[in-house]
Amino acid sequence: MLHFLQINALNEFGLGRWRMVGLWLWLLAVGVFLTTGCRDNVQQFESSPAFGFSGAYPIKAVATVGMVGDIVRAVGGEHIAVEQMLGAGVDPHLYRANRDDVRSILKADIVFYSGLMLEGKMIGTLEKVSLTRPIFAVTDAIPRELLLGHDDVSGHPDPHVWMDPSLWQKCVQHVERQLCQYDPKNEKTYRENSQAYQKQLTGLFDYARESIASIPESRRVFVTSHDAFQYFGRAFQIDVMGIQGLSTESEAGLRRVNELVDLLVARKVQAVFFESSVPQRSIEALVAGVASRGHQLELKGPMFSDAMGAAGTYEGTYIGMIDHNVTLVTRSLGGTAPLLGWQGLLNNAANVTDVN
Ligand SMILES: [Zn+2]
């Protein structure tokens with residue numbers, strides 16, 4: 001019965017009847033993935049290394065979010081062509097795979113996603129994919145004790161791990177391992193590419209730590225509209241507070257905004273930050289509240305939280321995204337960082353994007 005349902009699911013992908021017969025036998029062999037793919041309350045589907053590449057290069061890979069695509073591009077180099085499902089400004093928490101995505105996946109040799117329920121609405125699709133192709137959640141490599149809790153009722157860990165480049169480095173190592181198993185012929189290249197990329201992430205981490213530490217300690221408060229920066233706060237020792245989910249219409253929401261106003265005034269914080277994908281209403285209320293108390297506060301941004309910047313720009317890479325965030329936060333809160341960021345490549349001069 002289980003297998004019958006699986007085959008019906010596969011039929012939704014448009015596989016022809018003639019392929020169904022062969023799949024019966026094959027599914028018996030891979031059925032174990034279904035039972036081992038779920039890990040406690042975080043549904044992650046991962047294939048066994050029994051899958052091996054045997055086709056024409058470049059290997060066709062599909063990645064969900066840009067940050068994951070960036071890892072696969074960096075490690076895979078010339079051997080792998082990466083198709084990224086979610087572009088700039090798209091919220092992965094709410095995204096559902098469409099027909100084009102499914103078509104891309106069906107053409108892919110291998111699939112990578114972030115995991116920890118970041119792609120919460122795509123879990124059904126990812127589960128089906130695990131029947132027919134190798135698929136990996138990059139965050140599977142992060143030890144559970146390093147994950148932070150998510151401040152909601154779901155009980156899931158906070159998925160925004162890329163905000164700490166030292167954690168993201170573990171995901172790079174995971175992609176490296178999987179590619180080496182999948183395509184051992186190019187193992188040497190994958191290892192070298194991974195080493196080079198990880199070296200950059202180490203440099204990025206050091207830059208971020210040094211920059212954030214240059215903000216006067218009392219003003220080291222990072223207020224945003226969405227709760228994506230907890231790992232950033234832990235890694236770089238800055239207090240992080242988000243106001244998303246709090247309605248200014250509710251008494252509790254107003255109380256929370258008032259608490260934040262008190263804190264921002266008391267600590268003489270110079271700026272709060274908006275994100276391109278999150279409505280600005282609540283953070284604007286915060287700015288107005290602080291202004292009414294006679295303290296000048298700027299609204300800066302956009303911060304790149306769940307999606308990178310535009311494709312083809314420096315901010316449209318993982319390193320550029322973090323460089324932008326770090327440089328913008330540092331300069332806006334009274335710290336010292338170069339105008340054009342760590343690598344001198346930022347396009348928006350990182351400190352001038354002020355909507356007021
Ligand atoms: Zn998020």
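User: What should I know about the model before we start?

Analyst: This is a predicted model, where local features need pLDDT of at least 70, side-chain atom pairs count only at pLDDT 80 or more, and totals for chains, interfaces and linings use all residues. Residues are numbered from 1 along each chain as its sequence is written.

User: How many helices and strands does the protein have?

Analyst: There are 12 helices and 10 strands. Helices (H or I, at least four residues) and strands (E, at least two) are DSSP runs, numbered from the N terminus.

User: Why is strand β3 called largely enclosed?

Analyst: A residue is buried if 20 or more other C-beta atoms, placed from the backbone, lie within 10 Å of its own, exposed if 12 or fewer, and partly exposed in between. Four of the five residues of β3 (residues 59-63) are buried, so the rest of the structure largely encloses this strand. In the protein, 45% of the 356 residues are buried.

User: And what makes β3 and β4 a pair?

Analyst: Two strands pair if DSSP finds at least two bridges between them. Strands β3 and β4 (residues 80-84) have five bridges, in the parallel sense, with Ala-61 opposite Val-82 in β4. The chain goes from β3 through helix α4 (residues 66-76) to β4 in a right-handed β-α-β crossover; right-handed says that, with the strands pointing away from the viewer, the path from the first strand over the helix to the second runs clockwise.

User: How do you know that β3 also pairs with β5?

Analyst: By the bridges again: β3 and β5 (residues 110-113) share three in the parallel sense. Val-62 has Val-111 in β5 as its bridge partner.

User: Why are helices α7 and α8 called roughly antiparallel?

Analyst: Their axes come within 10 Å and cross at roughly 175 degrees. Axes are lines fitted to C-alpha atoms, for helices over the stretch in contact, and angles run from 0 to 180 degrees between N-to-C directions. Angles over 145 degrees count as roughly antiparallel, under 35 as roughly parallel, 65 to 115 as roughly perpendicular and the rest as oblique. So α7 is roughly antiparallel to α8.

User: What makes Val-240 partly exposed?

Analyst: Val-240 has 19 C-beta neighbours inside 10 Å, so it counts as partly exposed. This residue sits in strand β8 (residues 239-242). Leaving out residues up to four places away in sequence, Val-240 touches Phe-222, Phe-229, Gln-230, Phe-232 and Gly-233, where contact requires C-beta atoms, placed from the backbone, within 7 Å.

Key
Contact = placed C-beta atoms within 7 Å.
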